[in-house]
Each structure stands twice: as C-alpha cells, then as structure tokens.
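Please keep the viewer open as you read.

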Amino acid sequence: MPEISPELLSSVIHPRQSDTHKGDYGRVLLIGGSDQYGGAIIMAAEAAINSGSGLVCVATHSINLGALHARLPEAMFIDWRDRNLGAMIGQVDVIVCGPGLGQSDQAIKLLQLLKVNLTGEQTVILDASALDLIAKNKELMPTRSKLIIMTPHQMEWQRLSQLRIPFQTDSANLAALRALVPGSKGVLVLKSNHTKVFDTDGNIYTNPLGNPGMATGGTGDTLAGIIGGFCAQFGGKVNSVLAAVYIHSWAGDLIGQDHYVVRPTQISALLPRLMKKVAEKL
Ligand SMILES: NC(=O)C1=CN([C@@H]2O[C@H](COP(=O)(O)OP(=O)(O)OC[C@H]3O[C@@H](n4cnc5c(N)ncnc54)[C@H](OP(=O)(O)O)[C@@H]3O)[C@@H](O)[C@H]2O)[C@@H](O)CC1
Ligand SMILES: Nc1ncnc2c1ncn2[C@@H]1O[C@H](COP(=O)(O)OP(=O)(O)O)[C@@H](O)[C@H]1O
Ligand SMILES: [Mg+2]
C-alpha cells in the first residue's frame with residue numbers, strides 16, 4: 001500500500017505565476033460553527049486561508065462574527081440563516097461543511113440547502129457533525145458534486161459506515177465508501193494515529209507522519225480547512241487531498257520536535273512557510 005511521500009507533495013504544490021489573482025486560487029465556503037462550537041469553523045477557515053485559498057467565506061451562527069473577524073480579517077462572513085446562502089453555495093469552488101456544525105434543526109436545514117444548491121462542478125468536504133447527521137439520515141448526503149471528500153475520525157466513521165472500529169478493514173472501508181457515494185467520485189480520509197486515504201477507484205494510501213502531540217481538539221478541523229484550501233487552489237482531486245493530509249502531519253511533526261502539545265493553530269501558522277519551501281525546492 002503506497003505511503004504519501006514528499007515527492008507527491010512537490011508534485012502538487014508549485015510556484016505561483018506572476019500573472020494571477022485571487023480568483024485563480026479558488027473560492028472556499030465553510031459551513032459550520034454553532035453557538036457552542038465556533039472555534040471549530042474558525043480553525044478550519046484559518047487553515048483554508050493559510051493553505052492558500054484565494055477567497056474564504058464562513059457561513060456560521062451570527063454569534064461567531066466578532067471572534068471570526070478579530071482572528072481572521074481575511075475571511076468573509078455570512079449568517080447561516082441568511083436567505084442568500086443558497087445562491088452563494090452555487091458560486092464557490094469548494095465547500096467545507098461540518099466543523100462545529102452541531103446537530104440542531106438549523107444544521108439539518110443547512111445540509112439540505114447544500115444538497116439542492118450544488119452545481120455538479122464543485123468539491124465538497126464533509127467533516128464532523130455533517131457526517132453524524134448523514135449517518136442518521138442518508139438522504140442528506142450531497143449527490144451533485146465533482147468530488148465528495150469525507151474526513152471522519154474512527155467513531156464518526158463507525159456511525160456513518162456501521163463498521164465498528166475493530167472491523168474497519170481496508171476492504172470493508174472501500175465498500176462502505178462506495179455505498180455512501182453511489183455514482184460519484186469519493187474520497188475517505190479515515191483519521192487516526194495512522195490516517196489512511198481511500199478513493200472510490202480502489203486506491204488506498206497511508207500517511208507515514210503525525211504524532212500524539214496532535215491529539216488536541218481542532219486538529220481535524222484544521223485538516224478539513226487545508227483540504228479545502230488545496231482543492232480550491234490545486235484542483236479537486238485525490239492528489240490535493242493526499243498533499244493536504246501529508247503537510248498537516250509534517251507541520252505537526254515539526255512543531256512536535258520541541259513542543260509536547262501541538263496546537264492546531266500552530267499547524268496553520270506554519271503552512272505558508274512549508275508551502276514556500278516545497279514550491280521553491282528549498
Ligand atoms: N473548538 C471547537 O469548537 C471544537 C469543536 N469540535 C466539534 O465538536 C463536535 C463533536 O465532535 P467530536 O469529535 O468532539 O465528538 P464525537 O464525534 O462524539 O467524537 C468523540 C467520540 O469518538 C470516540 N473516538 C473513537 N476513536 C476516535 C478517534 N480516532 N478520534 C476521536 N474520537 C474518537 C471518542 O472516544 P473516547 O474519547 O470516549 O475514548 C468519543 O467517544 C463536532 O462538530 C466538532 O467539529 C471539535 O472539532 C473540537 C474542537
Ligand atoms: N496520536 C496521534 N497521532 C497522529 N495524529 C493524530 C493523533 N491523534 C490525533 N491525530 C490527528 O489529529 C486529527 C484529529 O481529528 P479530529 O478527531 O476530527 O479532531 P477535531 O474534531 O478535534 O478537530 C486527525 O488528523 C488525526 O490524524
Ligand atoms: Mg473532527
């Protein structure tokens with residue numbers, strides 16, 4: 001089974017051309033952040049910005065507006081009850097849905113809104129509460145998208161796939177992934193201390209990096225944001241996902257060399273420098 005490699009990362013991240021503007025690096029909409037879990041969507045948005053998305057907008061509970069803009073003036077905001085959200089979903093390149101979304105009636109409405117407004121040309125990343133809601137009602141799974149990426153931890157995957165953690169074998173995971181996204185191209189990022197990535201073509205990759213300092217709330221939210229940023233900028237494809245998984249753990253390992261705990265926001269802070277090193281082959 002292939003390991004994700006530094007060569008793969010170099011094949012995805014390349015130097016930026018002078019004759020470009022923010023529109024060339026993709027628009028990401030992040031949906032999540034209830035009144036209880038605003039930090040999750042703010043961390044995901046920070047990761048999307050620091051991993052290079054040209055434009056980032058956050059659809060969240062209005063209570064999170066002040067914190068979002070204090071932390072990330074680069075991010076745009078839309079109240080997740082705003083009637084213009086449906087139109088906005090249709091206009092972006094990548095949607096990250098789930099970090100801190102919670103499981104309220106409003107969260108269910110947002111998944112329904114997402115499903116009906118997708119164009120078929122977009123990449124959708126489903127994480128956390130979005131996956132838990134789909135586990136309870138499979139009708140909420142988006143069906144019109146270029147690529148559907150799911151990023152569960154093992155318990156979220158147990159709820160979604162009905163595979164208990166000891167029975168999450170490669171073949172069972174592939175079958176469950178294909179069953180969840182019939183007719184669509186899908187990627188499963190099954191997160192653990194040894195994260196594996198599966199795609200509906202039957203490929204399986206392992207992530208050789210990562211450390212237990214990364215076992216901090218928000219590390220997965222940050223990964224969802226990086227996947228969003230990479231898909232927006234480098235294209236909605238499996239290699240963009242693999243590169244995001246790799247750089248997230250590489251950053252975590254660099255921080256972990258001299259920090260007992262790896263804060264997710266430190267991972268985000270390191271990304272622009274690591275991407276520069278890779279792009280310039282430094
Ligand atoms: N700052 C914020 O706003 C943050 C908000 N967040 C938001 O909180 C919401 C709930 O998400 P969640 O992940 O915290 O809870 P849940 O889905 O119940 O999972 C925990 C259960 O699963 C089990 N478990 C087994 N294997 C596991 C594994 N490999 N990795 C992890 N867990 C594993 C685990 O087992 P135990 O710890 O009991 O041994 C436990 O029983 C969601 O919207 C999320 O985005 C977070 O992002 C954090 C930062
Ligand atoms: N012991 C560990 N070794 C390596 N990576 C870890 C370890 N514990 C957690 N991680 C990584 O941290 C992230 C945790 O994701 P998740 O549970 O969704 O966090 P959260 O929802 O709190 O943001 C995953 O990317 C996982 O691979
Ligand atoms: Mg999570």
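## Confidence and conventions

What pLDDT does the protein chain average? The average is 98, and 100% of the residues score at least 70; pLDDT is the predictor's confidence in each residue, from 0 to 100. The model also scores ipTM 0.98 and pTM 0.99.

This is a predicted model, in which local features need pLDDT of at least 70 and side-chain atom pairs count only at pLDDT 80 or more, while totals for chains, interfaces and linings use all residues. Residues are numbered from 1 along each chain as its sequence is written, and chains are lettered from A and ligands numbered from 1 in the order in which they are written.

## The sheet

Let's start with the strands. An open sheet of 9 strands runs in the order β3-β2-β1-β4-β5-β6-β7-β8-β9, with mixed pairing. Strands here are DSSP runs (E, at least two residues), as are helices (H or I, at least four), numbered from the N terminus; two strands pair if DSSP finds at least two bridges between them. At the edges sit β3 (76-79) and β9 (204-206), each pairing on one side only. From one strand to the next, the twist averages 15 degrees, with axes fitted as lines to C-alpha atoms, for helices over the stretch in contact, and angles running from 0 to 180 degrees between N-to-C directions.

Helix α9 packs on this sheet, touching β1 (27-31), β4 (94-97), β5 (123-126) and β6 (147-150). Contact means C-beta atoms, placed from the backbone, within 7 Å. The direction of α9 makes about 170 degrees with that of β4.

## Around ligand 1

Ligand 1 is surrounded by 18 residues, the closest being Gly 39, Ala 128, His 153, Met 155 and Gly 217. A residue counts as near if its C-beta atom, placed from the backbone, lies within 6 Å. Two or more residues each come from α2 (38-50), α6 (128-136), α7 (154-161) and α9, and α7 gives the largest share, 3 residues.

## Around ligand 2

For ligand 2, the shell has 17 residues, with Asn 193, Gly 210, Ala 215, Thr 219 and Gly 220 the closest. Helix α9 (residues 219-234) provides the largest share, 4 residues. Asn 193 lies in the loop between β7 (186-190) and β8.

The unreviewed UniProt entry annotates Lys 191, Ser 192, Asn 193, His 194, Thr 195 and Gly 220 as "binding site". These residues span 30 residues in sequence, yet no two of their C-alpha atoms are more than 13.5 Å apart, so they gather at one spot. UniProt positions follow the numbering used here, feature names are shortened, and annotations may be inferred rather than shown by experiment.

Note on methods. Contact = placed C-beta atoms within 7 Å.
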